[in-house]
Structure formats: structure tokens, C-alpha cells
Amino acid sequence: MFWSCSFFQIRSGPSPGRWALEHRRQEHHVSRAGDGDKEAQGDGLPNATKHPDPWERHPQYLLKGNFRKRTDLNQDPLQEEKLIWNSCSSPASGLVSRMETNTWFFKPGSSPLSQDSSLLLDTSLFKSNQLLFDELGEGNPRLREPRNLFAFFSNDGFLQAPRWPIECEVIKENIHHIEWVPPKPEYFYQPTGNEKVPEIVGEGRGTVVYHIESAPASSYFSSSRVGGKRGLIKQLSVNLQGPEDDTLLFESRFESGNLLKAVRVDTYDYELTLRTDLYTNKHTQWFYFRVQNTRKEVTYRFTIVNLLKPKSLYTIGMKPLLYSEVDARSHNIGWRRAGDEIKYYRKAAEEGQPTFYCLTWTVRFPHDQDTCYLAHFYPYTYTDLQYYLLAVANNPIQSQFCKLRTLCRSLAGNTVYLLTITNPSKTAEMAAAKKAVILSARVHPGESNGSWMMKGFLDFILGDSPDAHLLRDIFIFKVVPMLNPDGVIVGNYRCSLAGRDLNRHYKTILKESFPCIWYTRNMIKRVLEEREVLLYCDFHGHSRKNNIFLYGCNSTNRKQWLHERVFPLMLSKNAPDKFSFRSCNFRVHKCKEGTGRVVMWRMGILNSYTMESTFGGSTLGNKRDTHFNTEDLKSLGYHVCDTLLDFCDPDRSKFTQCLTELKEEIFKKFSELGQEMDFDGNWSDISLSDIESSTSGSDSSLSDGLPVHLLDVVEKLDQKKKPKKKKKPLETRKQRNEIHQRTRFIQELKPAEDGQVRKTQWLTSTI
């Protein structure tokens, strides 16, 4: 389904709608490019909108690097303010600085601030770090913005090191990967049907070469610290016996890493066991680990033996990811799809034992003695996010319209960031008229595709393109780029350190157990009290369906019926080779009542969605049967922005045409089912349950209830609350006398009744 010719004419020609606000265009001194220019730029982001990654050229600045000593970034904002003060001070202004002490003296009668300002000073000594002037020292001074409750970055310029649970051992090395886009499409693996299914032999017939200690599933999170567990880091890999020893050395005790155990079952065959989400006994899907001591031109086989999902994209051609440090240093090559003889199958289990599934594949490493990484998907860590946000905060242009705040602290004490992005409004009325758009990502830590889509969105909205300017003029964007930093840090797939899926607890009242969700929901409540929220979208990843699609909610309002489907349909037209409208679903199941999209929909946000991006690739258009790379995912962030402009175009031609298409499609499906409909009738009374696409591929998990550490407390409270048998209240003396008299009367009456019965029986027998 593609845009009609009239659509492109509306878009590129002079429209009375979207570009009717000519004064905005005059402010920007730019004109909107046509679709032909946009297509020429390819699937990725325009060059002018790509966000520079300051650490790409200098990886040595990771964590231990001081950004404020870099020449290509701005210096300390506090130092900039001192320079502004110095440039503003002069004998004529009445402010004279003593550079050595940063002390400011006030000359009575000569202050340019205001005539009344001298009344606030009862001494000739004036010292303040709270007043700021503009660059030219003109105009009224302004107060410095209030500091956040929690500092983002330490005073010496270092990033906040991630906080880990005290049970976790963490190596001291800083892991960093370069970004790279493969020059050619990476096609799906084509199963032959002859893939080997290796026998799982385990430790009994193999040799354990790597095994970490994990927190027991019965325990719960208690405390955290930078660097995790105290004491020396244990040497878990085997000791090599010499240069001829070809045993692989495994490691996963780094940020977002996940590998519990490796067993060598043959010279080049290894069985791998993944760690479940901390403080649970389930959710094994995400893997990310390092191997060293590789051999070139040798076929290795890896078999993961404890996966839990019966269906997987690995059955239809998805390949794992490989990263070589030698290739990264020598050829600037990053993550790439690699693997052969890929097979996903059910593991044989004895009766009464849990059912597991296995993933096996072969791989050939490109170099001898290389350090390589294997992963389920492109990693995006909490530290990656902090570097990105630090670059934004230090950018003098972007920091003017992007305000970085602390939303809350996670259970482990890691900062959950909130970005507010909008251009300053000229009047209070214009500011109040702006609608809000709310975006979030990484509530499920193993779904790193959400972070890459979020990065693409931020790259575009923080850029200097005319569309980005216009979006910032008409919207206020509230962005939570990483909802579950604790889970991302420890390498969980789905849960937080409470041992629960946060995307089932948006209705929670347990602020201490689910702070990230509680504060996000309350933030959105406050926004709704101030203005209309046009769109809410939470970015996710999907492990069983290809392409990108949305889950929404089904409105029954007569005036807005089918309106929630318009935005996804528009997005499918803007990204036809990535986004599948036919895979979208708008049912609201009972088990999804605690998800972000349903809770926000019930709070009054009509266009409330979950954006699902596959771990695999596309089955559509020019990208058919190819894997997605990071640039594909980032381009989806750009397409979201583009679709927002189409969706809000004052010229409602596109909106109306999409609504007509939806009604025609539904009419066609009902006709195929043999049901007659009145096309002009009341459409809001029609049930769509028979024609919605199935959610059998949805990555669903039921709510596990309360966090682990509260279960024992609740059991004790339930025992205390068990209803006791109520004792009958004591009767009054009058009531007791009446009961006694009644009982005595019955006892006196009973012998007489018995005699009458015996007499009647005798008479009956004689007759």
C-alpha cells in the first residue's frame, strides 16, 4: 500500500495546511525539501541530522576519560558562566571582579541591574553565582536554573559509573564497540533441513571452562555499589597450558553481559548456559559474551541449552552477531551477522523436568588470537546512553532546547533520565497551546532495538533540519530513553531488580519497588493536567515476528472510531520496506492491563502505542529477507518524526484518505467472512475481533505479582488478616429470661404432645 500521486502533490506543493504557517518558515529561513530529496538521502538519517558521537574517534576517553579536557567539546559550563561575568564587568557597569577570588564588588549608585536592586544589598560586597547575563552582557540578568536533585555527572567531568547488585562480580575493563553499517545487505540464513542436532552431554562428559556465581532465584535485591561485589575478581576461565592450548576463554562479567556457564564437549564444541534474570528462575533469551584465544579457519560450534521460548526467529533465518576487535582496529568493521548450520529445537527432557529449547550454530573467527564478542542483538548499554546525553548537555545549541533532568533513581541507585525537548515559545499563550509527545524505551532491558530507535529519534529531533525545527515549535517532547537501567546493566532480558516485568506494573502504587514506572506514570499525569498528549509510544523488541509494527488500543468512541489506526497506517506508507501495518494489533487483553500503552490509553491518550521492532529483519519491499542493522532502526526514529508531521498536518487530506482506506479494508474483510454491512451505517457498533491479526507472536508475560522481597511480608500479613469466628454477643438479662421461659415452656409441652401421639397411634391400630 503506497501513497497516491495526490498525496505527494499535497506534500511537496504549496499546501494550505502543514506549511500554512509562513512565519515559521521565515524564522527558519529554509524551505521544506520535497520527497525526491528525502529519498535521495537513503534509508538512514540526513547528514545534517546525525548526532556526533564524541567517543568514536577517541575510545580512550571511555569512563576514565575527562570530556572537559577535550578540545572538541565545550568546557565546563560553570567556567563559561565565569567568562560571561568577566566579559560583562566593567567600571561603567558597576561590577568589578577580582579574578583570583571570584569576588564581586558593588559600586552603589552605578548598578545597571535596576534602581531597586541596590535596596537588596545592605553591604558594598556583592557576591553571587546565581545571576547570568547573555553573551553580550545586555538585557536583564536571569537566575541560573535550579540544580537537579541528583547530579548527572561528577564535578571532575567523569561519568557516573553504573551501580551493580552486591552479588555481581564485575571486571574492571571498559567494553566499547564502534558503530558500523555493513556495505551489503545481510541476508537471512536459509535452512537446508540437514542441520545437525548435537546431543547435549553436559558436565558429565564435558569440561567446565567458565562458570559464574549468580544470585539464587529465591533471594532478592538488597543493596548495590559501584563495581558490584567487594573483593578480588575470581579467575573463572581455565589456565592455558601453553601456546598450543586452543581452549576458548569466556567472559561475561561486564555491562549488559550474559553467560552463566560454558562446557567444552569437544575440541571446538561448547555448550552454553545463559543466566536467568536476576532474582528469578526464567527469562533466558539475551546473550552477550566475550571469547579469546580464537583460531582462524576453524569451525566452532556453540549450543545454548536453556532457552525457554518454543518459537524463535532463529527458526526462520535469523543469525547471531559477531564482533572482532582486530577487525575493528584494523579495518573499522563492527558488528556483523555470522553463523551457519543454525538450528532451534526442543531439548529432550525426562518426565517431570522443565522443558528447554536449544539454539546451535557454527561460526569461523576471522583471526588467530583475536578477542571476539557474540550477541543476540546489537548491544546498547547504560554507559552508551550516558555518553550520548553528556554530548547533548555539552552542546551549546542543543542544550538550549533540550533540558536534561533526573526523573528518579532506580532500585540500585542508577539515574533514570528525562529529556524535555522544545523550542522556546514567544508568548505564554503559544507555550500553553503546544501538545505533548511522550516516548520511552528499554523497559525490557534485553530489547536493545528500542534504544537504537530512540537514538535515531533523538538524532533527528535534536538536529538542525527544517522538520526538526517545526516539530520543536509545535510540540513538547518528553523522553525517557532508558526506563530500566538496572536490568540493562546486569544483562537481564525482561525484568528489573525487583524480579518483575515492569511493563505489567504501570498501575502500581509501590513507589519504592517500581520507582521507574511509578515516576514515569506520575510525570505523564502532570503533563495531562497541563496540556493534551497527542502521542505516547514505548519502544520494544520482538523475538518471534519480523518487521516493525505497533500494538495499540481500540477506541469505541463514535467520533474517534478507527482514528488510533491512522498513525500506524501513515507510518507504514513512510517506511514501506520496514514497517508492517498488517502485523499491527489493537486488542486490549486482560493480561495487558498493566502495560504502558493500556494504562496511558485509559488515562486519556488516544494514540497510545507499543512500537515492536524485530530482532531479525524485514520481509517487505527492497529489504525483503535481510537483517536490520542499527542504521535501519535509527531511521525508524526519523520516520516517526516524519509521520508526526503528516498526522498533524492542518490539511486533513492524508488523514481523511487513510481513514477511508481503513473503512474499505474492514468492509472487504467482513465481506470475505460473509457478513453484510451498511457501509454508511454506524461503524462504531461493529466488532473487529474477527478480523484483527493474531497476537500469537506477541512477546507476552503475565504479571508475576508483587516484587520478590515483599512476598514473605504479604504472606505474614495474610495470615494475620484471616477472619476469625465471631462470638455471639452476650444477651441482656431480659433476653436471657425470655430464652429460659421459652425453653421451659417447650419442655413442659413436649410430654403432653407425646401422649397425644401415642393415643392416636393406638386408636388407628385398633380400627
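Biologist: How much space lies in the second largest cavity?

Modeller: About 60 Å³. Keep in mind that this is a predicted model, where local features need pLDDT of at least 70, side-chain atom pairs count only at pLDDT 80 or more, and totals for chains, interfaces and linings use all residues. Residues are numbered from 1 along each chain as its sequence is written, and side-chain values use heavy atoms, leaving out hydrogens and water.

Biologist: What makes a space a cavity?

Modeller: On a 1 Å grid over the protein atoms alone, a cavity is a set of points where a 1.4 Å probe fits but cannot get out. Points are joined across faces, edges and corners, and the volume is the space filled by probe spheres set on them. The structure holds seven cavities of 30 Å³ or more.

Biologist: Which residues line the second largest cavity?

Modeller: Lining residues have an atom within 4 Å of a point. Among them here are Ser 410, Asn 484, Asp 486, Phe 514 and Cys 516. Two elements, α12 (485–490) and α13 (515–530), each give two or more residues to that lining. Helices (H or I, at least four residues) and strands (E, at least two) are DSSP runs, numbered from the N terminus.

Biologist: Why is Glu 612 called buried?

Modeller: Buried means under 20% relative accessible area (over 50% is exposed, in between is partly exposed; 1.4 Å probe, protein chains only). Glu 612 has 6%, so the residue counts as buried. Glu 612 sits in strand β24 (residues 608–614), and the unreviewed UniProt entry annotates Glu 612 as "active site". Such annotations may be inferred rather than shown by experiment.

Biologist: What does Glu 612 touch?

Modeller: With contact meaning heavy atoms within 4.5 Å, and residues up to four places away in sequence not counted, the partners include His 540, His 542 and Tyr 551.

Biologist: Why is the pair of Phe 254 and Tyr 373 called edge-to-face?

Modeller: Rings of Phe, Tyr and Trp (its six-membered ring) pair if their centres lie within 6.5 Å; planes under 30 degrees apart are stacked, over 60 edge-to-face, the rest tilted. For Phe 254 and Tyr 373 the centres are 6.0 Å apart and the planes at 80 degrees, so this pair is edge-to-face. Phe 254 lies in the loop between β8 (249–251) and β9 (261–266), and Tyr 373 in strand β17 (residues 372–375), 119 residues apart.

Biologist: How do you know that Tyr 373 is buried?

Modeller: Tyr 373 has 1% relative accessibility, so Tyr 373 counts as buried. Phe 254, at 2%, is buried as well.

How values were computed: 1 Å grid on protein atoms, 1.4 Å probe; cavity = no way out; pocket = protein on both sides within 12 Å on 5 of 7 lines; lining within 4 Å.
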